[in-house]
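Notebook open, structure loaded. Here is what I looked up today, entry by entry.

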Amino acid sequence: MTDSRNSTGWQPDSWQQRPVAQMPSYADAGNLARTLQMLERLPPLVTSWEIEALRDRIAAAQEGRAFVLQGGDCAESFEECTSENIVQKLKILLQMSVVIIAGLRRPVVRLGRMAGQYAKPRSDDSETRNGLTLPSYRGDLVNRMPFTAEDREPSPELILRGYERAALTLNFVRSLIDGGFADLHHPENWDLAFVGHAPQAERYREMVRRVTDGLAFFESITGSRIHEAQRVDFFASHEALHLHYEQAQTRFLRHRSRWYNLTTHFPWLGARTARLDGAHVEYLRGVANPVGVKVGPAVTPESLLHLIGILNPGNEPGRLTLIHRFGVSRIAESLPPLIRAARDAGARVLWMCDPMHGNTEVLNSGVKTRRFDNILGELDIAFRIHAEHGRELGGVHLELTGDHVTECIGGARGLSESDLHQAYRTQVDPRLNYEQAMEVAMRIADRGASATHV
Ligand code: PEP
Ligand code: CO
């Protein structure tokens, strides 16, 4: 599994020599260049120590010793960079992780789709309404949602505004965590106002009790507190889509002799920018961060092995996470050949399931949604297929919010098509609401329970 290009010719800007998909076109190249120079001078958002810690955690998950929970908005928005939103997102991820820890009896690595998830791939470069054609909205890092020529014009200024908001988000998350907010001894910190009314409340409390009792038992025999060992308990991730943004904070760290993307711990490659000879693959092959790769119906065993060879030529543990997203109707057919190909090649990868992006549908009303049953269905099949291939599924990738939105159909409250208008707030893809997200966590926990009885 080698690729001759891997060791040669890479630079933070070598992607610019490759075909590049999904990049905005800026009218004023000089303005873009000046903005990127400003961005380059700013301090980074994350450090290589944290990135290396995450790589170790992912390597542990690869061996079945941890489970990765990656989740957050499809697209963060500048407007929603508020104290309340950040706390809600952290709370739901913490609550879900407690449930998963209790069920799987494995540590959970929490990876937010957060602090930089501001750029989105789109099917079309432009959008036409009433005879007027304007550039598509590509996320707040690029342009603005309202359908006016001024809002839709890509603006370099927004790149800086995005970087600053990513820094504010991460700063607040770190403060919360350093202050003890994420401490497993105090799950009462994460109670959301409506948790008491949720259908799963009783079961959740029971699982929290199990985890806190387990901690107390462990600490009583070892005489030490568990959480203090872990400085960073929460990691940030976003799609590495806007390559100018990624490049500007890509640095060579002499003490490690490697290049790092310091805008995030975990950049991932989206399904629409996965062309093997394309710019996004070229960029990602040169940075030392652990990287994710979305694996969809277009991927064949051959192309997967080729991609693995490009992105992880040294077969390093923790470097590569494959996030499959086929949809409930295709996973059973599409996934097994890929698992076998990677396994037979001896590739060290972590497999995760994204049960969201293959299950998106557009209703007659034009509203984008996902059916909760299809999400759970794809997840169940993923667990089964990985177990049949001799390894547990290593993680999940979800679009969710800690709020009570109505964007996905189904769940314990049986949300129907006609309920969606009540609180449909996503800017791009439909997210699980609080209760649906908890239900997914419980389902994952159940898999742990059933696996131990096999
Ligand atoms: C996403 O994760 O929001 C996304 C666009 O996913 P994919 O690249 O898998 O379609
Ligand atoms: Co999405």
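Is Cys 74 buried or exposed? I found Cys 74 buried, with a relative accessible area of 0%; buried means under 20%, exposed over 50% and partly exposed in between, using a 1.4 Å probe and protein chains only.

Before going on, I noted that this is a predicted model, where local features need pLDDT of at least 70, side-chain atom pairs count only at pLDDT 80 or more, and totals for chains, interfaces and linings use all residues. Residues are numbered from 1 along each chain as its sequence is written, chains are lettered from A and ligands numbered from 1 in the order written, and side-chain values use heavy atoms, leaving out hydrogens and water.

Next I checked the cobalt ion (ligand 2). Its protein donors are Cys 74 (SG), His 357 (NE2), Glu 399 (OE) and Asp 429 (OD), at 2.1 to 2.4 Å. Donors here are N, O and S atoms within 2.8 Å of the metal (3.2 Å for Na, K and Ca), and with water not among the atoms, sites may look incomplete. I wrote the sequence spacing down as C-x282-H-x41-E-x29-D. Cys 74 and His 357 sit in loops, so the pair ties together parts that are 283 residues apart in sequence. His 357 is buried too, at 17%.

Then I turned to ligand 1. A polar side-chain atom of His 357 lies 3.0 Å from a ligand 1 oxygen atom, and one of Arg 325 lies 2.7 Å from a ligand 1 oxygen atom. Ligand 1 taken alone exposes 300 Å², and the protein buries 97% of that (Shrake-Rupley method, 1.4 Å probe).

Terms used
Helix = DSSP H or I, 4+ residues; strand = E, 2+ residues; numbered from the N terminus. Polar contact = N/O pair within 3.5 Å; in protein donor to acceptor, adjacent residues only side chain to side chain.
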